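Grab a pencil and have the model open beside you. Below are a few exercises, each with a worked solution.

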Amino acid sequence: MAKAIWEELSATKNLLLQTIKDFKTEQFNTVPFPGSWTAVQVSEHILLSASGGVDVLQGEGQGTERNPEEKVSPLRDLFLNFDIKMTSPDFVQPSDVPQDKDQILSSVTDTFEAMIVHSQKLDLTLTYAGFEMPQFGLLTRLEWLSFILFHTQRHIRQLGKIQTYF
């Protein structure tokens, strides 16, 4: 599973980068419809969540006394269920400040590459005790990476919908 997560993170990173590149510069910071985030806000939200993945991988892990992949399927089922609307916690809410598309692309590349590199060197079966995910509790490093993967895939879909308004 660990090798598969590297490959999936890499493929998802590439899809995210291409999706962001497809926005014209003037569209990137434009609200497409009332109540929507801009493409840059969605991208910033993804980055805020994904940067936590790097922290998790670098954080101290503890032994796991359950299947280290136990929560992967429930995470997938929740975050790839496009029929439900979710509310983001305050600490991953994007700002209202316009941002440069090239800077966002660079940050996405750096953040995802750091996760991929760390995930290849570390024991992904260890549990990260520094943060409990609401509804799921403590997650293993592999489950955190899976969360980031599914969360990013969810928002790539959102970016695609935003793009259809331009």
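**Exercise 1: a loop residue**

At 72% relative accessibility, Gln135 counts as exposed (over 50% is exposed, under 20% buried, and in between partly exposed, with a 1.4 Å probe and protein chains only). Before going on, note that this is a predicted model, where local features need pLDDT of at least 70, side-chain atom pairs count only at pLDDT 80 or more, and totals for chains, interfaces and linings use all residues. Numbering starts from 1 along each chain as its sequence is written, and side-chain values use heavy atoms, with hydrogens and water left out.

Task: Where does Gln135 lie, and what is its phi?

Solution. Start with the location: Gln135 is in the loop between β2 and β3 (137–140). Helices (H or I, at least four residues) and strands (E, at least two) are DSSP runs, numbered from the N terminus. Next, check the backbone: Gln135 has a positive phi of about 75°, although it is not a glycine.

**Exercise 2: two helices**

Task: Work out how helix α3 and helix α6 are oriented to each other, and list who makes the contact.

Solution. Step one is the geometry. The axes of α3 (residues 39–58) and α6 (residues 141–163) come within 10 Å and cross at roughly 175°. Axes here are lines fitted to C-alpha atoms, for helices over the stretch in contact, and angles run from 0 to 180 degrees between N-to-C directions.

Step three is the contact, meaning heavy atoms within 4.5 Å. By class, the contact has 11 nonpolar, 8 polar and 1 charged residues (Ala, Val, Leu, Ile, Met, Phe, Trp, Tyr, Cys and Pro are nonpolar; Asp, Glu, Lys and Arg charged; the others, Gly among them, polar).

**Exercise 3: an aromatic pair**

Task: How are the rings of Phe23 and Phe166 arranged?

Solution. First, the rule: rings of Phe, Tyr and Trp (its six-membered ring) pair if their centres lie within 6.5 Å; planes under 30 degrees apart are stacked, over 60 edge-to-face and the rest tilted. The count comes to 7 aromatic pairs. For Phe23 and Phe166, the centres are 6.5 Å apart and the planes at 80°, so the pair is edge-to-face.

Then place the partners: Phe23 sits in the loop between α1 and α2 (25–28), and Phe166 in the segment after α6, 143 residues apart. Finally, burial: Phe23 is buried at 1% relative accessibility, whereas Phe166, at 37%, is partly exposed.

How values were computed:
Angles under 35 degrees count as roughly parallel, over 145 as roughly antiparallel, 65 to 115 as roughly perpendicular and the rest as oblique.
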